[in-house]
Amino acid sequence: MRTVKLTKLVEDMNLRIATPDVDMTNIKLNVPDINRPALQLTGYYDHFASERVEVIGYVEYTYLMHMSREEKIEAYEKLMSYKIPCVIFTTQMQPDEDMLRLANEYKVPTLCTDRATSEFTAEIIRWLTLELAPCISIHGVLVDVYGEGVLIMGESGIGKSEAALELIRRGHRLVSDDVVEIRKVSDVALIGSAPDITRHFIELRGIGIIDVKTLYGVEHVKDSQQIDLVIKLEEWDKDKEYDRLGLEEEYTEFLGNKVVCHSLPIRPGRNLAVIVETAAVNHRQKKMGYNAAQELYKRVQENLAKKRGE
């Protein structure tokens, strides 16, 4: 089971710490969802998801304000006793003294944000989903080409990094070179990113390591990108038949998700960057409902039917 440290959530979401004396360095989150404890504050704890981040929004806060102090203390204490990972107050609301006292007593980190509840909950769920998504690492290069995430794969030394460098020079953006971390954020979406240690770097044989961000500027790099297309580079084999029309899509699979895949034979004189660009644009066009191969096939069939009728 994947986990993420609460301290990372605090840092990435820019949360204020209302209980600085509570040690949260060892607290880890493992559920990509949150809970708004409205029912729990009324005393209903059946099916309580205590392992989730607890978010107190405007509705929960105003309900608490209508309770007597004794009722609030009882509600706070019962909530804290379930060993919840943390409590977050949204919309510029602040926990009262009784809440902070009990949070320190039960060692429950209490955090605050000025953001509206609906906006914040959507963002924190997105963040948790990405951080806790199933993840694998594969050998390849991921580039953002015209908004399409193109994962270039192939044997070591076949020219993946050189193709990526040429694409960067043509205005596209590097996500990761050599190692790509792929996360499954849904049944249809895979997000690729670079390991922290190699982010923005490319290895070119004979030259060494180059820093794309420093050399070409921040507009030529990107931290993460959805993977839309896979291009597998392979040595040209004159005895192998390659798809010349593209009427039927081929797929490769990562973490149970299928991604469109093209096998691209490499031989001297082929401009890989231009071919990758064309593949990305063609894939985008197919998603918009137009398939050039099918259009050609349709024209050929119509021409044959016309000749038969003559």
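Mentor: Let's start with labels: helices (H or I, at least four residues) and strands (E, at least two) are DSSP runs, numbered from the N terminus. Keep in mind that this model is predicted.

Trainee: Okay, which helices and strands each supply at least two residues of the lining of the second largest pocket?

Mentor: Those are α1 (6-12), α6 (117-132), β12 (179-184) and β13 (190-193). The largest share, four residues, comes from α6. The pocket's volume is about 440 Å³. Of its 18 lining residues, Lys8, Glu131, Arg183, Asp196 and Arg199 are the closest to its centre.

Trainee: How many residues of that lining are nonpolar, polar or charged?

Mentor: By class, there are 10 charged residues, five nonpolar and three polar.

Trainee: Now helices. Why is α7 described as largely enclosed?

Mentor: Buried means under 20% relative accessible area. Seven of the 10 residues of α7 (residues 160-169) are buried, so the rest of the structure largely encloses this helix. Among them are Leu165, Leu167 and Ile168. Just after α7, Gly171 has a positive phi of about 105°.

Trainee: And which residues of α9 are buried?

Mentor: First, the general idea: an α-helix has 3.6 residues a turn, so residues three or four places apart point the same way. In α9, the buried ones include Leu272, Val276, Ala279 and His283. Their cover includes α7, along with β9, β10, β17 and β19.

Trainee: What caps the N-terminal end of α9?

Mentor: Asn271 does, with a side-chain oxygen 3.3 Å from the backbone nitrogen of Ala273. Just after α9, Gly289 takes a positive phi of about 105°.

Notes: Residues numbered from 1 in each chain as written. Predicted model: local features only at pLDDT ≥ 70, side-chain atom pairs only at ≥ 80, totals over all residues. Heavy atoms only, no water. 1 Å grid on protein atoms, 1.4 Å probe; cavity = no way out; pocket = protein on both sides within 12 Å on 5 of 7 lines; lining within 4 Å. Points joined across faces, edges and corners; volume = space filled by probe spheres on them. Nonpolar A, V, L, I, M, F, W, Y, C, P; charged D, E, K, R; others polar. Buried < 20%, exposed > 50% of the residue type's maximum accessible area, 1.4 Å probe, protein only. Contact = heavy atoms within 4.5 Å. Polar contact = N/O pair within 3.5 Å; in protein donor to acceptor, adjacent residues only side chain to side chain.
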